[in-house]
Amino acid sequence: MNFIVIASMIGLILLDQLTKVWAVQTLASGYDIKIWEGVFHLHYISNYGAAWGMLSGKQLFLILFTSIIILGMIFYMRKLPKTPTGKWMKIAFIMIISGAIGNLIDRITLGYVRDFLYFILIDFPIFNVADILVVVGVGLLMITIFFGETEENKEVEN
């Protein structure tokens with residue numbers, strides 16, 4: 001991996017970790033910040049599971065599973081083509097890996113993940129910056145896979 005990829009990942013992981021530190025210092029005492037009353041609040045919780053609290057208490061499994069996924073993605077990312085589609089896929093991988101590492105740091109060091117972003121209007125599960133990175137990265141990856149140009153597409157056009 002080159003310097004830009006590593007620096008991007010470090011920057012995104014730091015963004016996630018710094019927002020979590022802020023959330024603990026500001027919100028963990030039970031104080032909520034209402035960004036938009038009844039719609040979006042900053043509300044801290046400790047999440048002992050994965051998405052929507054699933055697999056609560058299965059930290060070792062979540063740590064091992066996440067680690068395997070991260071390693072697989074890093075291995076695969078190195079093989080991406082140097083095409084525009086490959087570059088978009090690399091950006092998606094950087095986001096997914098960074099988010100996964102951000103939550104992995106919490107799981108390993110704390111035994112839970114710090115969440116604080118809450119769409120109260122629809123009672124959506126509380127999440128964090130790492131979760132945003134993973135979801136946006138997966139969305140970008142799906143768009144790139146479905147609509148990106150592949151070598152096969154180029155050969156058919158020629």
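Which residues in α1 meet which residues in α3? The legends below take up this contact and then the whole protein, as seen in a predicted model.

**View 1. Residues at the contact of α1 with α3.** On the α1 side, the contact is made by Val 5, Ser 8, Met 9, Leu 12, Ile 13, Asp 16, Gln 17 and Lys 20. In α3 they meet Lys 90, Ile 94, Met 95, Ile 97, Ser 98, Ile 101, Gly 102, Asn 103, Ile 105 and Asp 106. By residue class, this contact comprises 9 nonpolar, 5 polar and 4 charged residues.

**View 2. Packing geometry of helices α1 and α3.** Helix α1 covers residues 3-27 and helix α3 covers residues 84-110. Their axes lie 9 Å apart, and the helices pack at an angle of about 40°. Angles under 35 degrees count as roughly parallel and 65 to 115 as roughly perpendicular; α1 and α3 are therefore oblique to each other. The crossing of α1 past α3 is right-handed.

View 3. The protein has 5 helices and 3 strands. Among contacts with a separation of 6 or more, 65% are between residues 24 or more positions apart.

**View 4. Extent and surface of the protein.** The C-alpha trace spans about 60 × 35 × 30 Å along its principal axes. Of the 158 residues, 39% are buried.

How values were computed
Residues are numbered from 1 along each chain as its sequence is written. This is a predicted model: local features need pLDDT of at least 70, side-chain atom pairs count only at pLDDT 80 or more; totals for chains, interfaces and linings use all residues. Side-chain values use heavy atoms; hydrogens and water are left out. Axes are lines fitted to C-alpha atoms, for helices over the stretch in contact, and angles run from 0 to 180 degrees between N-to-C directions. Helices (H or I, at least four residues) and strands (E, at least two) are DSSP runs, numbered from the N terminus. Angles under 35 degrees count as roughly parallel, over 145 as roughly antiparallel, 65 to 115 as roughly perpendicular and the rest as oblique. A crossing is left-handed if the near helix is turned anticlockwise from the far one by less than a right angle, and right-handed if clockwise. Contact means heavy atoms within 4.5 Å. Ala, Val, Leu, Ile, Met, Phe, Trp, Tyr, Cys and Pro count as nonpolar, Asp, Glu, Lys and Arg as charged, and the others, Gly among them, as polar. Buried means under 20% relative accessible area, exposed over 50%, partly exposed in between (1.4 Å probe, protein chains only). Accessible areas come from the Shrake-Rupley method with a 1.4 Å probe; for residues, only the protein chains shown count as cover.
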